[in-house]
Amino acid sequence: MHDRWSREAVAAVSLVAALLVGAVVVGCSSNSGTTALSTVSTVAESSDGVLERQNAKDLTAEQKAVFVGALRKLQTTPYPGDASISWYGEFLSEHSEAFSCDVARGPVGAVHNSPLFLPWHREFLSRLENALQQVSGDPTIRIPYWDWTDPDSTAAVFSPDLMGGDGDPQQNYAVTDGPFAKGTYTIDFFDPPAVQEGVGAEQPFLVRRFGAFNGTTISLPTNAEVDEALAVAGYDVSPWDANADSHHSFRNNLEGWRDAMLPDCSSGWQDVSEVEGSPHTMHNVVHLWTGGMWTDASGAKHSGSMVPNSSPADPVFFLHHAQVDRLWFLWQKQHPDQGFPASAAGFTPQTLMWPWFDRTIASVESTEALGYTYAVTN
Ligand SMILES: [Cu+2]
């Protein structure tokens with residue numbers, strides 16, 4: 001929320017933090033134009049009756065309309081705890097603040113680059129899912145997932161009836177089609193470090209430049225990379241951060257750090273950079289691929305909405321993280337003897353997660369307890 005936020009903003013003087021990182025939140029909305037949602041969608045259900053989050057390519061036209069309509073409504077509804085921000089914008093604010101290095105509030109600086117990455121984002125998505133259900137009155141809504149290894153899933157995600165497509169080079173890479181097009185969806189929360197750095201992240205519309213990464217082209221993760229991640233035996237390993245060995249840390253393999261530099265908190269915000277020549281993979285590269293990073297002819301730096309700490313500004317954040325969450329789910333099924341470590345970087349299974357402090361890490365290890373599941377085979 002903004003009041004919680006301004007305290008940090010004062011402290012945070014520079015930095016770019018997450019630009020090279022990937023991840024984070026943004027945005028928000030305004031504008032109305034949402035259609036009334038009255039239909040209850042049909043959703044696949046597991047044998048024990050828990051509804052499944054589905055591959056975006058398997059959604060019916062009605063399911064897409066219901067999901068998108070609920071997102072739009074969240075973007076145009078004031079946050080119940082603070083009417084100065086939209087309900088959707090609160091999610092951007094929380095994700096952005098999670099990059100603060102202010103440890104006085106608890107171990108918040110470790111939502112990324114740490115063992116907390118998977119449990120925190122599971123809870124974060126669950127809260128969005130619950131908010132979508134509340135605002136729409138449809139308890140069957142589940143966040144679809146984007147299987148980035150599958151071109152059909154990618155095509156479905158970026159179609160005009162779901163997330164809209166790539167940005168338009170003639171309009172500074174603004175997204176101009178779909179339900180979140182420029183002129184329809186307005187972002188109203190901006191990541192302070194990115195604004196400070198002047199990378200264009202303060203633009204109030206969605207920006208995407210698929211695959212553009214500082215003069216080179218990057219690609220989405222492959223099936224082989226997913227198989228490699230799922231085969232890693234342990235959840236995480238010391239030093240529990242971006243430098244954890246990806247052959248022994250499922251979490252770091254999936255988060256996508258490879259030979260990263262140690263987090264720098266000198267600005268008040270986590271700034272984790274890659275070592276040159278060691279590109280981001282998996283979760284991280286999907287953020288970078290979707291938003292893109294580039295320098296224009298005048299030398300000004302730009303990045304798309306999925307790049308700064310406010311990356312939830314692009315609603316595809318949630319479909320992307322549903323896939324990340326699904327891979328953790330599949331890994332849990334394949335390694336039933338492996339749980340969250342008894343003690344890791346100050347976290348234990350009983351740690352209550354910032355900023356909600358009402359849910360422990362252990363309590364999100366089961367998706368069924370949160371009201372959703374995934375198909376085990378796909
Ligand atoms: Cu994140």
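Author: The chain has 10 helices and 6 strands, taken as DSSP runs (helices H or I, at least four residues; strands E, at least two) numbered from the N terminus. This is a predicted model, where local features need pLDDT of at least 70, side-chain atom pairs count only at pLDDT 80 or more, and totals for chains, interfaces and linings use all residues. Residues are numbered from 1 along each chain as its sequence is written.

Reader: OK, what share of the chain is buried?

Author: Buried residues make up 51% of the 378 residues. Buried is 20 or more other C-beta atoms within 10 Å of a residue's own, with C-beta atoms placed from the backbone.

Reader: How do helix 2 and helix 4 cross?

Author: The axes of helix 2 (residues 61–75) and helix 4 (residues 117–136) come within 9 Å and cross at roughly 90°. Those axes are lines fitted to C-alpha atoms over the stretch in contact, with angles from 0 to 180 degrees between N-to-C directions. The two helices are therefore roughly perpendicular, a label for 65 to 115 degrees.

Reader: Which residues meet there?

Author: From helix 2, Val66, Gly69, Ala70, Leu71, Lys73 and Leu74; from helix 4, Ala131, Leu132, Val135 and Ser136.

Methods. Parallel < 35°, antiparallel > 145°, perpendicular 65-115°, else oblique. Contact = placed C-beta atoms within 7 Å. Buried ≥ 20, exposed ≤ 12 C-beta atoms within 10 Å, placed from the backbone.
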